[in-house]
Amino acid sequence: MTASAPSIDYYFSTLSPFSYLAGQRLEEIAARHGATVTYKPFDIMALFARTGGTPPKDRHPARQDYRLIEIERQSKRTGLPLHLKPAHWPTNAAPSSYAIIAAQKAGGGDLGALVHATLRAIWSEERDIAQDDVVKSLLQSAGFNPALADSGLLTGAEIYAQNLEDAVNAGVFGAPFYVTADGAKFWGQDRLEDLDWHLGGQGA
């Protein structure tokens with residue numbers, strides 16, 4: 001009997017700097033292990049409210065300061081350029097999330113590239129990912145039909161809401177968060193090596 005291919009549910013927010021700082025390492029790990037990835041963008045502010053988290057602006061100043069230190073440190077370490085206080089953050093994450101959901105459903109392009117380009121747009125390129133023209137250009141650059149930004153609105157809204165429920169039910173409380181089919185959980189881009197190790201059979 002052949003073992004089924006591993007799968008990963010990837011919970012993230014298109015507003016998350018740490019999701020951006022993951023780069024495309026998840027896709028590299030998945031390819032190495034023959035794993036499939038289901039991209040599940042969700043409303044991270046709603047998740048905080050449901051799971052006891054605190055939005056960055058409401059955290060103690062010491063925590064806010066350390067967050068910026070860690071973001072800058074990880075940017076230097078990964079070589080991913082980043083503005084600590086981007087021009088369009090926070091913004092409405094729904095349009096970009098709906099587009100990613102629609103692209104995943106439609107297929108035909110590079111979904112990992114779309115996700116990373118969306119995060120790069122806000123954190124490195126000073127673009128507003130809530131704007132329709134920005135979303136359409138991101139879709140097109142990743143090989144998807146830009147019209148998905150319009151046609152995928154209804155389905156995107158439904159799945160976006162469901163992704164939040166799935167996140168809560170799976171024990172997710174931040175982003176990025178990776179959950180494998182066997183229930184293993186990994187929080188943060190700095191746990192991608194652990195995910196790699198687990199998929200290699202070491203964490204079984």
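Tyr-98 and Tyr-160 are both buried in this predicted model. Their ring centres lie 5.6 Å apart with the planes at 80°, so the two tyrosines form an edge-to-face pair. Because Tyr-98 belongs to helix α5 (residues 94–106) and Tyr-160 to helix α9 (residues 153–170), the pair ties together parts that are 62 residues apart in sequence.

**Aromatic pairs**

- Counted across the model, the aromatic pairs come to 9, and one of them joins Phe-12 with Tyr-39 in an edge-to-face arrangement, at 6.4 Å centre to centre and with 85° between the planes.
- This pair links distant parts of the chain, since Phe-12 sits in strand β1 (residues 7–12) while Tyr-39 sits in strand β2 (residues 36–41), 27 residues apart.

**Nonpolar cores**

- The largest nonpolar core comprises 49 residues, and those with the most contacts inside it are Ile-8, Leu-26, Leu-114, Leu-139, Phe-144, Tyr-178 and Leu-195.
- Helix α6 (residues 111–123) is the element that gives the most to this core, contributing 8 residues.

**Surroundings of Leu-26**

- When neighbours within four places in sequence are left aside, Leu-26 is in contact with Ile-8, Tyr-10, Val-37, Tyr-178, Leu-192 and Leu-195.

Note on methods
Residues are numbered from 1 along each chain as its sequence is written. This is a predicted model: local features need pLDDT of at least 70, side-chain atom pairs count only at pLDDT 80 or more; totals for chains, interfaces and linings use all residues. Side-chain values use heavy atoms; hydrogens and water are left out. A nonpolar core is a set of buried Ala, Val, Leu, Ile, Met, Phe, Trp, Tyr and Cys residues joined through side-chain atoms within 4.5 Å. Buried means under 20% relative accessible area, exposed over 50%, partly exposed in between (1.4 Å probe, protein chains only). Helices (H or I, at least four residues) and strands (E, at least two) are DSSP runs, numbered from the N terminus. Contact means heavy atoms within 4.5 Å. Rings of Phe, Tyr and Trp (its six-membered ring) pair if their centres lie within 6.5 Å; planes under 30 degrees apart count as stacked, over 60 as edge-to-face and the rest as tilted.
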